[in-house]
Amino acid sequence: AERATVSVALRPSPNERTTEDAAFIQGLRTFFKECPHPDDKQRKELSRELGLEPLQVKFWFQNKRTQMKNQHERHENSQLRADNDKLRAENMRYKEALSSASCPNCGGPAALGEMSFDEHHLRVENARLRDEIDRISAIAAKYVGKPMVPFPVLSSPLAAAPGASAYDVFAGAASVLQAPPDDKQQGVVVELAVAAMEELLRMARLDDPLWATTVDQALALDEEEYARMFIDPRGGLGPKQYGLVSEASRDAAVVIMTPASLVEILMDVNQYAAVFSSIVSRAATLEVLSTGVAGCYDGALQVMSVEFQVPSPLVPTRESYFVRYCKRNADGAWAVVDVSLDGLQGVKCRRRPSGCLIQEAPNGYSKVTWVEHVEVDDRSVHNIYKPLVGSGLAFGARRWVGVLGRQCERLASAMASNIPTSDIGVITSSEGRKSMLKLAERMVASFCGGVTASVAHQWTTLSGSGAEDVRVMTRKSVDDPGRPPGIVLNAATSFWLPVPPKRVFDFLRDETSRSEWDILSNGGIVQEMAHIANGRDHGNCVSLLRVNSTNSNQSNMLILQESCTDASGSYVIYAPVDVVAMNVVLNGGDPDYVALLPSGFAILPDGPAGTMHAAAGATGTGGSLLTVAFQILVDSVPTAKLSLGSVATVNSLIACTVERIKTAVISNGGASPPQ
């Protein structure tokens, strides 16, 4: 066949077929082995050496490559036929075994329904897992550029060593931190993600003995049962690192959003950071290994870096580096899982398989089951927050589910085409309503991002005692249409109140009691000019307030306020707004150019409800943990120096506000604060 191909390429006459042809062919073959794709310069050199035309050499190489390709395809087809014959023979053996199966009780012939359920289930599960591994391997190979090693042989050099454990595999994946994953690292990441997905699905579906119900109706993980079921030296993350504590929680809720929309939020880093702005302070997608198949996120795989937060400078943020994997299951349910890729040395937060199972419910709703499982170093958490953090309420599943449910209601409200009857005031169009909600959303995100102990924040502690230290931070605002230009001073403090969180929330969000704590309103009468309800709880709303000054020489002030609450905590966030700019927003104008400096409050429970605090490390008292945060423009010139007088004024302002709140909400006989 090669001889014929060469003859066509060189087009010799019958009487010219001499021994020179063999020399030509041997020379071309030798060069082809070294370089099957010669460039123009190489083809010209070959043509001179062999006495041929450059076009003849070009055709010979094209034909030779086609010939090699056909041979390779024939070889692959032979292998596929052999595999098919092997599977057909295995199928016949199974059929014969089924036909000769006997009942274990009576010894007679067994019908299909009388066969061992466990054996049948294991065979089905094994086939499903093989299909899943093949599919993910194919996806990874698409991006790597060559086939992957079949599971369970790991693609890491560490796996080749006898006795290599999951600890080694996990450490091997950590090198992705320094550079984008190469071929071998992608193999490790894919295998880790597939194993994490299987663990998440079992964690979300199994109950006792893996999960036990606590006195406050929460679910607690049985660590011994978990270790028995999931910690396997042959895969996963291996044992818990020394010095870290485990936090595990699971919660479920029905939310007003379709599964497809929820999956999009979780897989789009910008939507993810916006919807969970009270939990996620920073998020970035570092590498996309797979975008999914069939135009959706089924099979999507991406490497992410996220910083998780609690709204207080007394609780350090948790930085986590993980792979996120999305999968649609055979029953139609979606699942999204995270699993850490951090190395084992010096890690303060390791994310074991965590994520959610999303099942479709009637009328556009979804049932979401959320699992959070992390290992952390929590020694830097302040004592008054340790009961909350240790119980899992600060970073756990209940908080994620609560925020998701509230945000789904908010999004449904924002997409409403008409103005609900619950809305009152100066809003006259749906466009104005959407613009005002969008402005409030940016205000809330700005507040949450500026109140935490993030590594990006440089807080300075001022005078105070213990937990009530006031912490300040300066920022320069330049060329930001959403902030006034100049030097902005952030000040925040957190403290304990012997009052239930709901009582504190209702007091702070009520415009009729605002004059009791808001010094800047100067005792003026506060009137609600507009009200947008954005949730089933009447405390979830956006308001436009007007402060009518008692001094005729002072102009009235407008304040945009959003209050929101769920089972995990509450917020009251507000910002003074310019009257002219607010009129533009109310008429449906772009809210992105309205300058805001949000201040406000974050109200959290001091631990699980209904449990008395007895000693350090125990649970809460039913009291509240209140964070007060202000943002104030101290100089309109960005290059100006911050004066000590400005810092002293802000310090005095926040201290006076704290005292007013305590006086107003604390009744006689309050509980003792956590130690």
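**Entry 1. Cysteines**

A disulfide is taken here as a pair of cysteine sulfur atoms within 2.5 Å. I worked on a predicted model, in which local features need pLDDT of at least 70 and side-chain atom pairs count only at pLDDT 80 or more, while totals for chains, interfaces and linings use all residues. Residues are numbered from 1 along each chain as its sequence is written, and side-chain values use heavy atoms, with hydrogens and water left out.

I searched for disulfides and found zero in the structure. Cysteine 541 is in no disulfide, and the nearest cysteine sulfur, that of cysteine 564, lies 9.4 Å away. I then asked which cysteine sulfur is closest to that of cysteine 564. It belongs to cysteine 448, at 7.5 Å, which is too far for a bond. I noted burial as well (buried means under 20% relative accessible area, exposed over 50%, partly exposed in between, with a 1.4 Å probe and protein chains only). Cysteine 541 is buried, with a relative accessible area of 5%. Cysteine 564 is also listed as buried, at 5% relative accessibility.

**Entry 2. The whole chain**

I counted secondary structure by DSSP runs, numbered from the N terminus (helices are H or I of at least four residues, strands are E of at least two). The protein chain has 16 helices and 20 strands. Of its 675 residues, 47% are buried. For contacts, I used heavy atoms within 4.5 Å. Among contacts in the protein chain with a separation of 6 or more, 65% come from residues 24 or more positions apart.

**Entry 3. Helix H3 and the annotated region**

I examined which residues of H3 (residues 40-50) are buried and found Arg43, Leu46, Ser47 and Leu50. They lie on the same side of H3 because they cover an arc of only 100° around the axis, the arc being that of the directions from the helix axis to the C-beta atoms. An α-helix has 3.6 residues a turn, so residues three or four places apart point the same way. Lys41, Arg48 and Glu49 are exposed on the other side of H3. Just after H3, I noted a positive phi of about 75° at glycine 51.

I next checked residues 70-97, which an unreviewed UniProt entry annotates as "coiled-coil region". UniProt positions are given in the numbering used here, feature names are shortened, and annotations may be inferred rather than shown by experiment. In the model, residues 70-97 are 100% helix and 0% strand, with 41 Å between the end C-alpha atoms.

**Entry 4. Helix H8**

What caps the N-terminal end of H8? I found aspartate 222 there, with a side-chain oxygen 3.1 Å from the backbone nitrogen of glutamate 224. Within H8 (residues 223-230), the buried residues are Glu225, Tyr226, Met229 and Phe230. Their arc of only 100° around the axis puts them on the same side of H8. Exposed Glu224 and Arg228 are on the face turned away from that buried side.

**Entry 5. The loop between S5 and S6**

I looked up two residues in the loop between strand S5 (301-308) and strand S6 (318-328), starting with proline 311. Proline 311 is buried, at 2% relative accessible area. Leaving aside neighbours within four places in sequence, its contacts are Arg399, Val451, Thr452, Tyr571, Ala602, Leu604 and Thr627. I also noted glycine 569, which is 258 residues from proline 311 along the chain, with 9.9 Å between the C-alpha atoms.

Serine 312 is in this loop too. Serine 312 is buried, at 0% relative accessibility. Its side chain makes a polar contact of 3.4 Å with that of tyrosine 385. A polar contact is a pair of N or O atoms within 3.5 Å; within protein, one must be able to donate a hydrogen and the other to accept it, and residues adjacent in sequence count only if both atoms are side-chain atoms.

I traced the pairing of strands, for which DSSP must find at least two bridges between them. Strand S12 (residues 460-461) runs antiparallel to S13 (residues 471-477), and two bridges join them. Threonine 460 has valine 472 as its bridge partner in S13. Seven antiparallel bridges pair S13 with S14 (residues 486-497). Glycine 486 in S14 stands opposite serine 477.

I then turned to proline 638, in the loop between strand S20 (624-635) and helix H16 (644-665). Leaving aside neighbours within four places in sequence, proline 638 contacts Lys476, Ser477, Val478, Gly486 and Ile487. Valine 478 is 160 residues from proline 638 in sequence, and their C-alpha atoms are 6.8 Å apart.
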